[in-house]
Amino acid sequence: MNHFSRLLMLATFLMLTACTTMYLEGLEKVGIPKRDVMVYRVEKARDTQQETKEQFKSALEQFTAATNFQGGDLEATYKRLNEAYEASLSKAEEVRSRIADIESVSEALFTEWKQEITQYSNASMRQNSQRKLDATQTHYHQLISSMKQAESKIQPILTVFNDQVMYLKHNLNARAIASLKGELGNIKSDVSSLIASMERSINEANAFISTMDSK
């Protein structure tokens, strides 16, 4: 990466950070604190993970059905698998976006919280607020780690999906189906692992939301 590219990336990052800050400040002016924005974004990420889990289940069903091809229109089979791949790819991008949304508001929330703690004149209140901040940050890190772990399992599956779809597109014959059959066991295992990881992440999100609502 050259010097100009680094400067461009830095400028883009600073611009996005400024936009995020202005957006969150605007919400606070109309009575929506960063804390509520964070909970809302965690809820959206949780829902997106649930949708993604179901999408990958559906895609696996399509790929499994394709291995049972006994003759007919392979072009139609290719189109179904390609649609399943494209839908899965779209959900993967949405998951990444939801995680980024949570990270941006959490950074703003925790920075503000730390600054406000220093403004307490009452030592007991200051210590209590610090304990709550520490507990919230610990729980947040567990949540975001769980979400990223689940998200990391998506791309390897998409890569295999894409390979198989392209191979079918370029061949449209028994050889392509045989290739898919040979890979199906690994696909099933990877999707199963993804679903389990997504479910753990969804449970973490529910626990985090419950904790935030109780504070």
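Here are a few friendly notes on this predicted model, going from the overall fold to single residues.

1. Let's start with the architecture. The protein chain holds six helices and zero strands, so its elements read α-α-α-α-α-α from the N terminus on, as helices are DSSP runs numbered from that end.

2. Next, how the chain packs. Among contacts with a separation of 6 or more, 82% join residues 24 or more positions apart. Of the 215 residues, 34% count as buried. The accessible surface comes to about 12200 Å², and carbon and sulfur atoms make up 52% of that surface.

3. Now the inside. The largest nonpolar core has 50 residues, and Met 38, Phe 56, Ile 154 and Phe 161 have the most contacts inside it. Two or more residues of this core come from each of helix 2 (34-66), helix 3 (74-117), helix 4, helix 5 (154-171) and helix 6 (174-214). Helix 3 gives the largest share, 14 residues.

4. Leaving aside neighbours within four places in sequence, Phe 56 touches Ser 88, Ile 154, Ile 157, Leu 158, Phe 161, Val 191 and Leu 194. Two of these partners, Ile 154 and Phe 161, are also named among the residues with the most contacts inside the core.

5. Finally, a look at His 139, which sits in helix 4 (residues 123-152). Is His 139 buried or exposed? His 139 counts as buried because its relative accessible area is 15%, and the cut-off for buried is under 20%. Beyond its neighbours within four places in sequence, His 139 is in contact with Glu 204, Ala 207, Phe 208 and Thr 211.

Conventions:
Residues are numbered from 1 along each chain as its sequence is written. This is a predicted model: local features need pLDDT of at least 70, side-chain atom pairs count only at pLDDT 80 or more; totals for chains, interfaces and linings use all residues. Side-chain values use heavy atoms; hydrogens and water are left out. Helices (H or I, at least four residues) and strands (E, at least two) are DSSP runs, numbered from the N terminus. Buried means under 20% relative accessible area, exposed over 50%, partly exposed in between (1.4 Å probe, protein chains only). Contact means heavy atoms within 4.5 Å. Accessible areas come from the Shrake-Rupley method with a 1.4 Å probe; for residues, only the protein chains shown count as cover. A nonpolar core is a set of buried Ala, Val, Leu, Ile, Met, Phe, Trp, Tyr and Cys residues joined through side-chain atoms within 4.5 Å.
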